[in-house]
Amino acid sequence: RNLVEAMGQTARPPKALVNASAVGYYGDRSDEELTEESPPGKGFLPEVCKLWEEEAQRATRLGVRVVCLRFGVVFGAGGGVLERMLPFFEWGLGGWLGSGRQWVAWVHHTDAAKLALHAVTNEKVHGPMNVTSPNPVTNRKLTRTLARVVGKPAFFPVPFFALRLRYGEMASVLTDSQKVLPKVALATGYQFEHPELEEALRHILHFRRQEQQTARAFA
């Protein structure tokens, strides 16, 4: 709100405002296919995302093109959720979360960055845009694919009650099902570099090993 108000006080507002939102906007939606046209879900996270985007959209009154990027789970080397998951999988202790049937909206970090650039530079893009791969997967498939890429088994599913004990209400972030599709990105000409999960994970882990070897060489 402060940013939009400040933009309104300038003689020449920027041409575009790109806002970082999240697929949490959709809430827990089972097997429903979700696009930018889908309504928000119910609960705390959907409400936060909805209000956040509404504040950004106020900039349209100033003639500013507004894009609300709804990020899925970003996979990359050196940080984020993948770095937290990898040690367990490398020890052979990986497993799906809860039932494992929930859909995971994921994206390779390169595509996440390039989709943000796409939003900045492509004037056809406005309103919400999902920053996710066109191929969402279930948590169970994600688990099996990562285990295969790492070369270790994954036999230890994590029950929901254990997630609730560890994370409280935030456990829903890990177990909510969101089958999100990047309809706007595809319709405006974006071509994904890493649309398939296994190739994306192999690319990231190859890059991660190279970084580790470089770090050891200079240690």
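I started at T35, which, leaving aside neighbours within four places in sequence, is in contact with Y26, N130, L181 and K183; contact here means heavy atoms within 4.5 Å. T35 sits in the loop between β2 (33-34) and α2. The cut-offs are under 20% relative accessible area for buried, over 50% for exposed and partly exposed in between, with a 1.4 Å probe and protein chains only. Helices (H or I, at least four residues) and strands (E, at least two) are DSSP runs, numbered from the N terminus.

I noted the basis of the model before going on. It is a predicted model, in which local features need pLDDT of at least 70 and side-chain atom pairs count only at pLDDT 80 or more, while totals for chains, interfaces and linings use all residues. Residues are numbered from 1 along each chain as its sequence is written, and side-chain values use heavy atoms, with hydrogens and water left out.

Sheet. I traced an open sheet of three strands in the order β1-β3-β7, with parallel pairing. Two strands are taken to pair if DSSP finds at least two bridges between them. The edge strands β1 and β7 each pair on one side only. On average, neighbouring strands of this sheet are turned by 25 degrees against each other, direction ignored. Axes are lines fitted to C-alpha atoms, for helices over the stretch in contact, and angles run from 0 to 180 degrees between N-to-C directions.

I then took the two pairings in turn. Strand β1 (residues 16-22) is joined to β3 by seven bridges, and the two run parallel. V18 has V67 as its bridge partner in β3, and N19 stands opposite C68 in β3. On the β7 side, β3 pairs with strand β7 (residues 127-131) in the parallel sense over five bridges. There C68 stands opposite P128.

How much of β3 is buried? Six of the seven residues in strand β3 (residues 65-71) are buried. I picked L69 from this strand. L69 is buried, with a relative accessible area of 2%. Not counting residues up to four places away in sequence, L69 touches V18, N19, A20, S21, A22, A116, A119, M129 and V131. I also checked L69 against D111: they are 42 residues apart in sequence and 13 Å apart in space, C-alpha to C-alpha.

Helices on the sheet. Helix α2 (residues 44-57) lies across β1, β3 and β7 and runs at about 180 degrees to β1. Helix α4 (residues 109-121) packs on the sheet, where it touches β1, β3 and β7; its direction makes about 165 degrees with that of β3.

Cores. I counted as a nonpolar core a set of buried Ala, Val, Leu, Ile, Met, Phe, Trp, Tyr and Cys residues joined through side-chain atoms within 4.5 Å. The largest nonpolar core has 18 residues, and those with the most contacts inside it are F75, L82, W106, L142, L146, L197 and L201. α3 (80-90), α5 (139-150) and α9 (197-217) are the elements that give two or more residues to this core. α9 gives the most, with five residues. I followed L142: it touches F75, M85, V104, V137 and L197, not counting residues up to four places away in sequence. A second, separate core of 13 residues includes L69, V125, V131 and A185.

The axes of α3 and α5 come within 10 Å and cross at roughly 65 degrees. That makes α3 roughly perpendicular to α5; angles under 35 degrees count as roughly parallel, over 145 as roughly antiparallel, 65 to 115 as roughly perpendicular and the rest as oblique. α3 passes α5 in a right-handed crossing. A crossing is left-handed if the near helix is turned anticlockwise from the far one by less than a right angle, and right-handed if clockwise. On the α3 side the contact is made by L82, M85, L86, F89 and E90, and on the α5 side by L142, T143, L146, A147 and V150.

I finished with α5 and α9, whose axes come within 10 Å and cross at roughly 45 degrees. α5 and α9 are therefore oblique to each other. α5 passes α9 in a right-handed crossing. In α5, L142, T145, L146, R148, V149 and V150 meet L197, E198, L201, R202 and L205 in α9.
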